[in-house]
Amino acid sequence: MATYDAEFQAALSKLRDERRYRTFRSIRMKEGSRPEALWEKPGGTARDVTVWCSNDYLGLSQHPKVLEAVTDAVLMYGAGVGGTRNISGTHPAHLQLERGLAAWHGKEAALLFSSGWVANLSALGTLGRILPDCVIFSDAGNHNSMIEGMKRSGATVRIFRHNDVEHLAELLAETSAGHSKLIAFESVYSMDGSIAPIREICDLAEQHGAFTFLDEVHAVGLYGPAGAGVAARDGVADRITMIQGTLAKAFGLVGGYIAGSSAAVDTVRSYAESFIFTSSLPAYIAAGASASLEIIKGADLLRERMFRQIRKLRDRLDYSGIPTLDGETQVVPVMIGDARQASLTSELLLEVSGIYAQPINYPTVPRGTERLRLTPSPQHTDDHIDALVNSLEALGTEMGWRRKDRWGAQRHS
């Protein structure tokens, strides 16, 4: 029997040589102690660490009301659903959450998926295929899940420079009126923390009759009235044709969704193979997410504290001369610019200082822009910030990547 293990080992060795091999850290959150956790090291030992790279932005994965909703739903519905949404996998908890998400975004309908990645794959893969002679206009910074969905659709894809409305306008003007047009972009970009010019993109979409598909996964729960996202904050959610979001970040659970017109959502539901043939989210996840949604709507004080801690962290990093990309979001990239140094910095932070910040290397970001991606939360204290910045100061100086001026030209406003 051929195993081809030698070929696989060669491929893995290449990743290790480039310091791009991804290492899983076993992190166990302690009850009620976020962002403090236990790092369970290989060999059975453990140590206390502070987590600085979680997407559980508001800490709702440990909220008592979410845990209670999940526990009650497990006892009511069981641990699994036993099928796809079409075959025994639709429970009242799914329908309740879909209604709640649709109303939250001001849309007619919503649809749940097993992840945000699958939501993007399914929606863009279907929309680009169903819309006649579709051309998709994609921001250069779009997430892998969006890119894979566009590929799957078979539509023509034209890429505009990141957040460059003038370039998008040029590409739209070059496309004949006989084509369907779809503009795919994100509100908050997960690796740079930049924010899209949503209003200007909507202006172009309306001028050219284009469908707008907005990924708000790093925004839902954190921005706008009731936390409904950047489009809601900017007063343009009603001008977005379809919003895609996640339950795996600010909601503190897992799963994804889309929200839009009844016809558009039903088309994705009816044509997307990656939805049709995938087992449904467990009902207890949907019940927990409904509880999270109600908390999020009234979480203004939690959001205010999060942004206060973001400003404090950014101010401390700037004062210390640690290179970052400018921004105001919860994504704070510390720019290192070398895969080996990024990985080593992460390892030393964990081993020496008990600080967990995962390195971000190619292909997630372009080569030469490797970084640590920090995500301050409402639960990070001033002492946590001081400990992190002091450790980064020492490591950046020792390793030579602490050169703030190097990144000035690459920053996003």
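The model is a predicted one, in which local features require pLDDT of at least 70, side-chain atom pairs count only at pLDDT 80 or more, and totals for chains, interfaces and linings use all residues. Residues are numbered from 1 along each chain as its sequence is written, and side-chain values use heavy atoms, with hydrogens and water left out. Helices (H or I, at least four residues) and strands (E, at least two) are DSSP runs numbered from the N terminus.

Strand β5 comprises residues 135–139 and is joined to β6 (residues 156–160) by 5 bridges, the two strands running parallel; pairing requires that DSSP finds at least two bridges between two strands. Together with helix α5 (residues 144–153), β5 and β6 make a right-handed β-α-β unit, the term right-handed denoting a path from the first strand over the helix to the second that runs clockwise when the strands point away from the viewer. Strand β5 also runs parallel to strand β7 (residues 181–186), to which 4 bridges join it. Within this pairing, F137 is placed opposite I183 of β7.

Strand β5 is mostly covered, with 5 of its 5 residues buried (under 20% relative accessible area, with a 1.4 Å probe and protein chains only). Burial extends to both faces: V135, F137 and D139 lie on one side, and I136 and S138 on the other.

The axes of helix α6 (residues 165–174) and helix α7 (residues 198–208) come within 10 Å and cross at roughly 10 degrees. Helix α6 is therefore roughly parallel to α7 (angles under 35 degrees). Axes are lines fitted to C-alpha atoms, for helices over the stretch in contact, and angles run from 0 to 180 degrees between N-to-C directions. V165, L168, A169, L172 and A173 of α6 meet E200, I201, L204 and H208 of α7, contact being defined as heavy atoms within 4.5 Å. By class, this contact has 7 nonpolar, 1 polar and 1 charged residues. Ala, Val, Leu, Ile, Met, Phe, Trp, Tyr, Cys and Pro count as nonpolar, Asp, Glu, Lys and Arg as charged, and the others, Gly among them, as polar.

An open sheet is formed by 3 strands in the order β11-β14-β13, with antiparallel pairing. Strands β11 (332–335) and β13 (359–360) stand at the edges with a single partner strand each, so one side of each is left without a neighbour in the sheet. Strand β13 is joined to β14 (residues 371–374) by 2 bridges, and P359 has L372 of β14 as its bridge partner. Helix α12 (residues 300–319) lies across β11 and β14, running at about 15 degrees to β11.

Note on methods. Buried means under 20% relative accessible area, exposed over 50%, partly exposed in between (1.4 Å probe, protein chains only). Angles under 35 degrees count as roughly parallel, over 145 as roughly antiparallel, 65 to 115 as roughly perpendicular and the rest as oblique.
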